[in-house]
Amino acid sequence: MTIQQVVFILISLITIISAIVVVTDRNLFRAAVGLMASFLGVAGLYIILEAGFLAVAQLLVYIGAISILVIFAIMMTRRLMQTIESPFNSQPVWGLIGAVLAFLLLALVAIRTWPTAQYPAPSGPVVESSVQQLGALMVSPDAYVVPFEVASVLLLAALIGAVAISRTEGS
Amino acid sequence: MVPLSWYLIVAALLFCIGLYGVMARRNAVAILMSVELMLNAVNINLVAFWRYLQPDLQVGVSWAIFVIAVAAAEAAVGLALIIAVYRSRDSVVAEELDTLKF
């Protein structure tokens, strides 16, 4: 087992264990901190995959913005901080069965379609100017300029919508 | 080197943990957090396929960035909705929000 595989397994364990904390912990605040740890693990996976820009975007957007937003929402709703009631609804067993079945299906498809022996390593090095190429793709009419603009409109709509939904009447 | 299937297994595991959270958690905020986990699992898959199958084209990374943008919008609007519901119903338990149930 190479050093890279050891690092991969460690980072995956951090990601998976914190994800389990997110979905099972009674205390929602602890679940939110687990969510941050899980996002950090995913950023580590991006770094192993040599997607440095995406790892930075993950840190900024997920850990810096979304997790903080979730923590604010938890603190603004009083009943969320109570830890006496059960964290689950009336169907945790059926949910678990469904999730395990979905995992078996996904794992079967992944192993059958992309077997370990055929894809043991990346097929080539990442190009040197990958961030430059990414920027060119984002504004090129042949590539992603329309999704890029739609994403900016979507973010603007979400910004206005979030303010409009959560403001109180008369203020 | 790490084989491609390891990434796919980790992503599938993360996705199914998120799926379990969506199906079994009581709190609307916890359900939203589980959805974020599922979106992250999708991103791992996109980046892993890009790195292993098409490393000379930044297609997978571009899609992952769009997923991140949509996830940010979804979290902002979702949490605003949860706070608005909490103001009017004094509850964020998903099972108690059953006004539309007939």
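I began from the definition that helices are DSSP runs of H or I with at least four residues and strands are DSSP runs of E with at least two, numbered from the N terminus. The model is a predicted one, in which local features need pLDDT of at least 70 and side-chain atom pairs count only at pLDDT 80 or more, while totals for chains, interfaces and linings use all residues. Residues are numbered from 1 along each chain as its sequence is written, and chains are lettered from A and ligands numbered from 1 in the order in which they are written.

I looked up chain B and found three helices and zero strands, with the pattern α-α-α along the sequence. Chain B is more spread out than a compact globule, because its radius of gyration is 17 Å, well over the 13 Å that the globule rule gives for 102 residues (taken over C-alpha atoms, the rule being 2.2 Å times the number of residues to the power 0.38). I noted that its C-alpha atoms fill a box of roughly 50 × 25 × 25 Å along the principal axes.

I then checked burial, and 59% of the 102 residues in chain B are buried (20 or more other C-beta atoms within 10 Å of the residue's own, with C-beta atoms placed from the backbone).

I turned to the interface, where 79 residues of chain A are in contact with 63 residues of chain B (C-beta atoms, placed from the backbone, within 7 Å). Among the helices of chain A that each supply at least two residues to this side are H1 (3-24) and H6 (145-166), and H4(A) gives the most, with eleven residues.

How values were computed. Buried ≥ 20, exposed ≤ 12 C-beta atoms within 10 Å, placed from the backbone. Contact = placed C-beta atoms within 7 Å.
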